[in-house]
Amino acid sequence: MQRYILIRLIQSVFTLIGVSIIVFSLARLSGNPLDVLLPDEADDETFERISELWGLNDPWYIQYFTFVKNASRGEFGPSFKWQGRTAMELVFLHLPATLQLAGFSILVSVVLAVPIGVMSAVKKGTLLDTVGKLIALLGQSLPSFWLAIVMIWIFAVKLGWFPTSGRGGFDHMILPGIALGWFSVASFMRLTRSSMLNVLDSEYIKLARIKGLPEWKVIWKHGLKNAAIPPLTVFGAIVVGQMTGSVTIETVFAWPGIGLLALQAVNARDYQVIQAVTMFISVLFIGMNLLIDILYAYIDPRVRFT
Amino acid sequence: MTTSSEVYKEPEKKIGNVVLEVRDLRTYLYTKWGVTKAVDGLNFEVREGETLGIVGESGCGKSMTALSMLRLAPKPAARTVSGQIILDGEDILQRPEPEMRFIRGQKISMILQDPMTSLNPVYSIGNQMVEALGMYYQGEDNKGLKGRAVDILRKMGVAAPERRIIDYPHQMSGGMKQRVVGAMAISGTPRVLICDEPTTALDVTIQAQYLRLLKQVQADTGVSIIFITHDMGVVAKMCDRVAVMYAGKIVEQGELRSVFNNPSHPYTKALMASVPSMEHAHVEKLYSIEGQPPALFDLPVGCRFANRCEFADAKCLEAYPPMFQDEDGHTADCWRLEGQWKKVAEATT
């Protein structure tokens with residue numbers, strides 16, 4: 001078990017190095033930030049002076065190593081756009097809003113998707129299954145930004161049940177939470193259902209029934225733990241997807257989270273902030289996958305002992 | 001366990017009263033292609049300590065019969081539409097579903113065919129045994145239940161069971177897993193143990209050991225065994241009586257000796273002829289039955305074996321033959337026995 005975790009940890013470090021290279025080069029592919037940041041009438045001398053000051057004249061590998069050295073300490077430099085703040089400060093400033101929204105929508109996804117997925121498999125072909133399928137179909141086919149706009153129009157503008165945008169009390173979370181979570185409910189539910197169907201067909205489920213176990217134990221103990229493995233894989237992607245994928249949702253709802261920050265940073269070619277956001281999300285992603293891998297080992301002894 | 005140098009001694013058999021009586025059992029599968037009559041009017045009984053073999057080729061309804069007896073035929077397609085399953089004088093088909101929990105495992109239990117897939121991979125052997133034992137011995141603490149699990153595993157020939165109990169299925173060999181499955185099946189001290197091809201997936205050497213274990217368990221506990229197989233050799237080793245099943249019906253039934261020495265249904269004869277034997281070692285090609293069994297959703301009116309039977313005539317196609325019985329209680333459904341044996345059931349059309 002320890003060996004398994006250690007191997008996964010080392011693998012994560014390599015992934016992180018790869019990500020840092022990509023993040024570093026992607027930001028530089030978008031052009032020189034000074035073209036955007038400096039006023040048009042700035043002369044060559046000013047341009048040169050600021051380039052020198054920010055290290056933009058150094059060879060790329062020096063820039064990269066500086067980047068890695070600082071990044072490992074969480075320093076991504078000062079923001080170009082938001083004067084007086086460092087990039088990392090901005091990320092942490094926007095993080096709570098994103099965590100709140102993503103956390104809410106993940107919670108709702110899991111609470112809805114797992115039981116509906118399991119029960120649709122158990123009661124395959126019944127009304128419950130059909131309703132589940134419909135929810136999944138809609139969730140996977142409706143684009144979330146469109147859903148967001150339509151929901152704002154119906155529930156906020158027409159009916160006035162919820163606020164149209166911004167961050168505030170619990171009622172502010174409902175619409176963005178649904179818009180953000182529906183897609184993951186759909187994919188999570190479908191995966192749980194198909195995985196559960198496979199498991200219910202297996203011989204060990206038959207044996208559990210032959211032993212005389214009550215049906216709830218057959219399904220929720222013997223069935224779910226086996227069926228949980230494929231949905232767990234996408235769970236990691238869903239969690240991070242909720243945080244990053246919320247760029248559109250945060251924009252539509254003017255939700256002051258990381259997504260909105262990233263969008264504004266991209267528009268302003270704010271290198272440092274883009275890098276800080278991207279690295280932060282990558283670390284989150286890698287950490288999440290590591291956690292999922294460890295969870296696998298916890299669930300499935302065949303992973304643990306190899 | 002016996003080593004090759006020891007002489008294996010058959011455990012002594014004590015056969016008692018009738019434990020399980022199955023009357024006119026019918027389990028049909030309702031599919032979009034029509035009604036599949038997987039189990040179509042079975043009659044048999046098993047006595048205490050006795051082993052009844054149910055023999056037949058794949059798809060003849062053997063496994064569906066086994067599952068029907070536990071009321072676990074796959075829903076919603078399968079439904080037991082009629083019949084009685086009388087266990088210790090009580091028809092279990094009349095019991096409400098929640099009560100079946102106390103019958104499964106404790107009155108009727110079952111060993112499945114494939115040990116590689118019949119244990120849950122994510123729970124330890126001990127966990128899977130103790131959860132069942134916890135229902136069979138309610139109120140007993142975990143330590144006591146574990147002790148029972150260890151004892152039963154030892155009885156099924158698992159070496160060092162107190163250490164193996166924390167193992168997961170993937171850490172065991174196929175033969176060992178099947179012993180664990182067997183241990184689970186007998187842990188509720190059932191009256192009837194259904195074995196659905198329990199040795200088909202095992203190595204030949206392990207097969208013989210496993211069959212001996214089952215016999216020993218039977219001698220110790222007096223459990224009745226219903227042994228489902230397609231292997232005539234295994235039937236000869238294990239069974240006291242044998243029922244031959246073809247296309248959802250039992251076509252011949254009787255004492256092992258009687259059926260083997262005097263197979264009276266052409267299908268049984270053909271089945272016997274297709275067993276490789278030492279006496280006919282010079283035969284170049286093994287006998288095989290021509291043709292295919294009829295589809296269970298499109299059964300003929302007459303005898304179901306007629307299309308493959310070398311003796312079939314017009315009568316066989318018109319009506320399903322009556323059941324005939326000889327003086328030893330050996331029965332067979334075949335028109336050719338008319339006049340020779342006593343008729344005990346009418347022909348059906």
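My entries below go from the model itself to a helix pair and then to the chain contact.

**Entry 1: the model.** I noted that this is a predicted model, where local features need pLDDT of at least 70, side-chain atom pairs count only at pLDDT 80 or more, and totals for chains, interfaces and linings use all residues. Residues are numbered from 1 along each chain as its sequence is written, while chains are lettered from A and ligands numbered from 1 in the order in which they are written. I found ipTM 0.88 and pTM 0.82 for the model.

**Entry 2: a helix pair.** I looked up helix 9 (residues 203-210) and helix 10 (residues 215-227) of chain A, which pack at an angle of about 145° with axes 10 Å apart. Helices here are DSSP runs (H or I, at least four residues), and strands are E runs of at least two, numbered from the N terminus. Axes are lines fitted to C-alpha atoms over the stretch in contact, and angles run from 0 to 180 degrees between N-to-C directions. Which residues of helix 10 of chain A make the contact? They are Val218(A), His222(A) and Gly223(A), and they meet Tyr204(A), Ile205(A), Ala208(A) and Arg209(A) of helix 9 of chain A. Contact means C-beta atoms, placed from the backbone, within 7 Å.

**Entry 3: the chains.** I saw 24 residues of chain B in contact with 18 residues of chain A. Helix 4 of chain B gives the largest share of chain B's side, 3 residues.

Conventions:
Contact = placed C-beta atoms within 7 Å.
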